[in-house]
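Biologist: Hi, could you show me the model? I'd like to talk through its pockets.

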Amino acid sequence: MKRTRIYMVLRTALLLSISLFVHSGWAETEWDVISFVSKKDKDSPIILMNTDGATLERLATDPGMPAEFTWSPNGRSIAYDSWHGGNLDIYVMDVGTNEHRQLTFDGNKDRFPAWSPNGKWIAFVSERTGSANIYRMDANGENVKQLTKQEGCRRPAWSPDSQWIAFSSEHALFVMDVRGRQLRELAWATRFTNCSWSPDGKQIAFRSNAANGSSEIFSIDISGKNRRQLTRSNRGEDISDPMWSPSGKWIAYILGRIPAGGAPVDQIRTNGVISFIDTIDGADSKPIEATRGLPKQSLQWVPKQFLSISPGAEKQTTLWGRLKKAKNTVK
């Protein structure tokens, strides 16, 4: 009897988690939890939020405020870059224990970590040879391998099968295989754009300038064909940081407003609002108003496994605590 009651409590917790995290206007298969770095909270800067604007969790990344971060595919760890110690290096944090481990020690800038979907590697950008190039290392920081030999590389992004890496360099979007071979230019793009693969691995979303000069989100087939403009910004708006959702239906991005007289690009981005575009019909979904004007960067969808892993009662208790936190919203 006691065991039955425990089962019912755990089952209720899981059902509540589903009801809290599925937006009524979104597809039932969508996992609609987004994460980003908030510069407003120096103690727990990584915020997890559902699409209704409810804060589900705040994660600490001591040592140091992260600039960019990436989730492990199992949702249990985060790799991020930080200036802790006076140098920009890459660290890994266990989100369950809050334990941190430094992965890079070369004394040069190491940034833009990207965890491969198979969990084996972390791609990143390093200036250890004097220019910014793409590198790959094992998830534990070992076996570092340089993949590119060109200047100005930024923001690597893995294909869903972990066999290809897309990245930007100067004013172009490139793709190469996991060994740094078969390098080819895919599209002209805004300088240092970030990019995101569709879940089926057939397309890449990226930021570039439209014919009228506005910054917009585009998609393109991995063959380099069928370039398609997905957003239509209004005058004075700036669009950046596209991230394809796990279901493939949505692309999240940051919609910023350019003040009169202009402003630095980073300032426009970090004070914008998180918005969404339907990749099928191009329709906009309502933005997350709770993020409007909140200093933020490094937009990432949260892996479904972050809250779906529940092998024991201890994990379920943690889940229940997180469900209670869902009532809180970002001020």
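Modeller: Here is a short chat about the pockets and a core.
Modeller: This is a predicted model, so local features need pLDDT of at least 70 and side-chain atom pairs count only at pLDDT 80 or more, while totals for chains, interfaces and linings use all residues. Residues are numbered from 1 along each chain as its sequence is written, and side-chain values use heavy atoms, with hydrogens and water left out.

Biologist: Nice. What volume does the largest pocket have?
Modeller: About 980 Å³. A pocket here is an open set of points on a 1 Å grid over the protein atoms alone, where a 1.4 Å probe fits, with protein on both sides within 12 Å along at least five of seven lines; lining residues have an atom within 4 Å of a point. The volume is the space filled by probe spheres set on the points, which are joined across faces, edges and corners.

Biologist: Which lining residues are closest to its centre?
Modeller: Of 38 lining residues, those are Trp-115, Pro-117, Trp-158, Met-243 and Gln-300.

Biologist: And how does that lining divide by residue type?
Modeller: Into 23 nonpolar, 11 polar and four charged. Ala, Val, Leu, Ile, Met, Phe, Trp, Tyr, Cys and Pro count as nonpolar, Asp, Glu, Lys and Arg as charged, and the others, Gly among them, as polar.

Biologist: What about the second largest pocket?
Modeller: Its volume is about 540 Å³, and its lining has seven nonpolar, eight polar and 12 charged residues. Among the closest to its centre are Glu-68, Arg-155 and Asp-266.

Biologist: Back to Trp-158: what does it touch?
Modeller: Trp-115, Pro-117 and Trp-197 are among its contacts (heavy atoms within 4.5 Å), not counting residues up to four places away in sequence.
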